[in-house]
Amino acid sequence: LKFKFKMLNSIFIIVAFFSALFGLLSDLGINDIGPIHSKVNYIYSFLTIMLNFFLRSSKENYTLSVHSLLIISLLTFTSALVFVPQDEFRMIWFYLLIFVAYMVSGKRSGIVYTLASIFIILSVNLSVDLQLSQEAIMSGFLGLIIGSFLSHVYTSKITNYEEDLKKQNSSLSLLASTDYLTGIMNRRMFNEISEHYFLTDQ
């Protein structure tokens with residue numbers, strides 16, 4: 001949890017910085033993403049900073065902070081899909097969304113946001129001219145599915161590794177606190193427990 005907490009904080013900072021940077025570069029005429037999506041990027045940056053403060057106020061806010069980030073990211077990338085037709089590679093943002101969903105929230109969220117991304121791209125394509133060829137859209141879908149599958153495999157392996165590590169640590173802790181021959185508490189463990197209760201009584 002401590003690792004995920006630090007990682008999510010880092011993601012908030014990175015997202016806030018680069019979304020504001022994209023808006024600024026567009027306003028300066030260096031990388032045109034259009035006036036609407038430029039404003040969306042500023043809002044995205046502001047909301048991400050607020051979420052960072054919300055997360056730092058209590059670690060219990062982790063789950064809510066994660067899903068809030070993923071939802072506003074999904075909306076922001078949908079904005080890019082609609083309002084930045086000049087960017088032929090804008091579907092790549094959905095790949096990042098899926099990877100982050102798997103990384104910070106687990107396999108179930110990864111699958112949910114994969115399906116949500118595919119649904120949004122399909123819906124937008126039916127109602128708006130994305131100025132993308134059918135081949136580009138199909139490649140985008142395949143990329144999302146393959147990326148989701150690879151992220152799923154990676155997350156599963158990491159989860160299994162974490163479980164094995166917990167079991168090994170538990171076994172080492174047991175060996176370090178008990179006598180090998182008798183199986184009862186050794187002197188080191190007895191001293192630690194005695195000290196704990198002594199400090200608690202004080």
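In this report, helices are DSSP runs of H or I with at least four residues, numbered from the N terminus. By that numbering, the largest share of the lining of the second largest pocket, six residues, comes from α6. The model described here is a predicted one.

**Packing of α1 and α3**

Two packed helices are described by the angle between their axes and by the distance between the axes. Helix α1 spans residues 2-27 and helix α3 spans residues 62-83. Their axes lie 11 Å apart, and the two helices pack at an angle of about 35°. The crossing in which α1 passes α3 is left-handed. On the α1 side, the contact is made by Lys4, Phe5, Leu8, Ile11 and Phe12; on the α3 side, Tyr62, Ser65, Val66 and Leu69 take part. By class, the residues of this contact are seven nonpolar, one polar and one charged.

**Threonine 76**

Helix α3 also holds threonine 76. Is threonine 76 buried or exposed? Its relative accessible area is 6%, which is under 20%, and threonine 76 is therefore buried. Leaving aside residues up to four places away in sequence, threonine 76 touches His37, Val40 and Tyr44.

| Pocket | Volume | Lining residues by class |
|---|---|---|
| Largest pocket | About 580 Å³ | 18 nonpolar, six polar, three charged |
| Second largest pocket | About 440 Å³ | seven nonpolar, four polar, four charged |

The largest pocket holds about 580 Å³ of space. It is lined by 27 residues, of which Phe22, Tyr44, Phe77, Trp93 and Leu96 are the closest to its centre. The elements that give two or more residues to this lining are α1, α2 (35-57), α3 and α4 (92-105). Tyr44, one of the residues closest to the centre of the largest pocket, is also among the residues that threonine 76 touches.

The second largest pocket holds about 440 Å³ of space. Which of its 15 lining residues are the closest to its centre? They are Phe3, Lys4, Met103, Ile158 and Glu162. Two or more residues of this lining come from each of α1, α4 and α6 (134-177). Lys4, one of the residues closest to the centre of the second largest pocket, also belongs to the contact of α1 with α3.

Technical notes:
Residues are numbered from 1 along each chain as its sequence is written. This is a predicted model: local features need pLDDT of at least 70, side-chain atom pairs count only at pLDDT 80 or more; totals for chains, interfaces and linings use all residues. Side-chain values use heavy atoms; hydrogens and water are left out. Axes are lines fitted to C-alpha atoms, for helices over the stretch in contact, and angles run from 0 to 180 degrees between N-to-C directions. A crossing is left-handed if the near helix is turned anticlockwise from the far one by less than a right angle, and right-handed if clockwise. Contact means heavy atoms within 4.5 Å. Ala, Val, Leu, Ile, Met, Phe, Trp, Tyr, Cys and Pro count as nonpolar, Asp, Glu, Lys and Arg as charged, and the others, Gly among them, as polar. On a 1 Å grid over the protein atoms alone, a cavity is a set of points where a 1.4 Å probe fits but cannot get out, and a pocket is an open set with protein on both sides within 12 Å along at least five of seven lines; lining residues have an atom within 4 Å of a point. Grid points are joined across faces, edges and corners, and a volume is the space filled by probe spheres set on the points. Buried means under 20% relative accessible area, exposed over 50%, partly exposed in between (1.4 Å probe, protein chains only).
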